[in-house]
Amino acid sequence: MSDLLRDDAGTAVLLGSSCGGCGRPSFPRSDVCCWCGRPDPDPVELSTTGTLWGWAVVHSAPPGYAGPVPYGMGVVELPEGLRVVSRIDVADEAALTQGRPVRLVVVELPTGDPEDPVLRTWEAAPC
Amino acid sequence: MLIAGVGLHPFGRFAGRTATDLGVVAVRAALAEAGITRRDQFQATFCGTAYGGVASGHKVLGALGLTGGPIVDVEAGCASGAAALALGVAAIDSGQADTVLVFGIEKMPKGMIRSSFFEPWREQAGLSATPAYFALRAQRLMRERGVTEDDLAAVVVKNRRNGVGNPDAMFRAEVTAEDVLGSRPVCGPLRLFMLCSPNEGAAAVVLRKGTGGVQLRTAVLRSHLPGNVLGEATPLAGLVDDGDIPSPTTLAADAAYEAAGIGPSDLDLVECQDTDAARELLAYEELRLCPPGDNAALLRDGTVGPGGPLPVNPSGGLLSKGEPLGASALGQVVELVRQLRGDAGARQVPGARIGLAHTVGRGANASVTIVSG
Ligand SMILES: [Zn+2]
């Protein structure tokens, strides 16, 4: 899989595509538009801010996860018209509201794998 | 197409019994009902399983001394058994076979399901937490369809009450709404009692070309269309304008109604995928049992309850039975056949003539099966 993000001084810039055929954005980046099948969509950098669309708190570690619990997980809506699944840096359901502005930040997580001990991924932080 | 025999191994936890052991029980029962004692009396076998591993179906038929014909294992997530059924139907429809054995087996690990569907980085990022996806879907149903936490609890109360009458279910004790709403929060708004348990079990069906008896009208399998971020396909991203994209369940239901030449109003009972309480409420509209927005009304007015005009999950559903992935869909078909034969005991739906079974899960895959008798 291609790189998912670019780390811009702690801001997570998600790397996506924009289709010259159907005009839709997609994430992650790929060689073919996943909505219409047209090849060679344009590589784009997605917005680093959006709004919270849905959220949940995960209380026990799912299989293969070595990071802290509880943690937030949900969906962020980006202005391009894309809903992206994302960690959320708030693990309190009552503290969040739908439509709340968020920004995407880089987060490092332990993987539990001694050969590749750190995962660099993204999460949403309320602005 | 005749359903010539059905068999079931109860769903639950069976330490010391292998998936093969469970399969042998279900297959022997189905073959006995169909009067099959020799390998030349059926021409193909399809075995649904998601976690069974290499040659799962062969091991069951091997234990019974019935190998020799083609045996194919089929994986389609929660719809694995239904996918096996669809292939069995196709083998008969094509003229390749007169009689086909279809069965499903599973022995699931306890707890949150680990799925090879998720790449390692998604597990490491915490984005493979299945209950969180269920919760996000439940939240959307509450926002956009007026479903309440009390409605979610009511689904559990209904199905667990139904499960009391099912000797093959894992949970056979009634629960109250207070029990459900007092159980441990898993991912808001879902609580422990609102989620089904992955478990173990087996189910088998013998299909035979012919009329009479309980008829398999159609077995349809469909996958998702791109676009929805909260569907069982669980992509990393979806489109904002996803409201008009038909779900795989709706695709399967529409095709099944057309193939069977019936509509939702002709149904006498439904067995649907109640992986979590909200999933059942969503299935009501996806299966066109009600217009979107009337989901909770169907439950509140007793339509889908015991004694109602369209009982849903009279078996107790997955919330009572648990979910052995490969066996789950065929377990529903076994239940429908028993209902249509009038053999369902305490949970009998009086006068049931047409039943629908529905599964949906990872892939995404969705199945709709219609039987009549
Ligand atoms: Zn496109």
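Is Thr20(B) buried or exposed? Thr20(B) is buried, because its relative accessible area is 16% and buried means under 20%, exposed over 50% and partly exposed in between (1.4 Å probe, protein chains only). This residue belongs to helix H1 of chain B, residues 19–34; helices (H or I, at least four residues) and strands (E, at least two) are DSSP runs, numbered from the N terminus. Setting aside neighbours within four places in sequence, Thr20(B) is in contact (heavy atoms within 4.5 Å) with Lys59(B), Val60(B) and Ala63(B).

A word on how to read this model: it is predicted, local features need pLDDT of at least 70, side-chain atom pairs count only at pLDDT 80 or more, and totals for chains, interfaces and linings use all residues. Residues are numbered from 1 along each chain as its sequence is written, chains are lettered from A and ligands numbered from 1 in the order in which they are written, and side-chain values use heavy atoms, with hydrogens and water left out.

Now let's visit the place where the two chains meet. Chain A brings 39 residues to the contact and chain B brings 34. Together they bury about 3000 Å², with carbon and sulfur atoms giving 67% of it; buried area is the accessible area (1.4 Å probe) that two parts lose on being put together, summed over both. Trp35(A), Pro63(A) and Arg83(A) supply 21% of the area that chain A buries against chain B, more than any other three residues.

Arg83(A) also forms a salt bridge with Asp242(B), where the closest N and O atoms are 3.3 Å apart. A salt bridge is a side-chain nitrogen of Lys or Arg within 4 Å of a carboxyl oxygen of Asp or Glu, and the count between chain A and chain B is 1.

E7(A) pairs with strand E9 of chain B (residues 237–239) in the antiparallel sense over 3 bridges; two strands pair if DSSP finds at least two bridges between them. In this pairing, Leu82(A) stands opposite Leu239(B).

Finally, look at the backbone in some loops. The peptide bond from Val69(A) to Pro70(A) is cis, with omega near -5°, and Pro70(A) sits in the loop between E5 and E6 of chain A. Another cis peptide bond joins Gly188(B) and Pro189(B), with omega about 5°. Thr234(B), in the loop between strand E8 (215–223) and E9 of chain B, has a positive phi near 35° though it is not glycine. Thr234(B) counts as buried because its relative accessibility is 5%.
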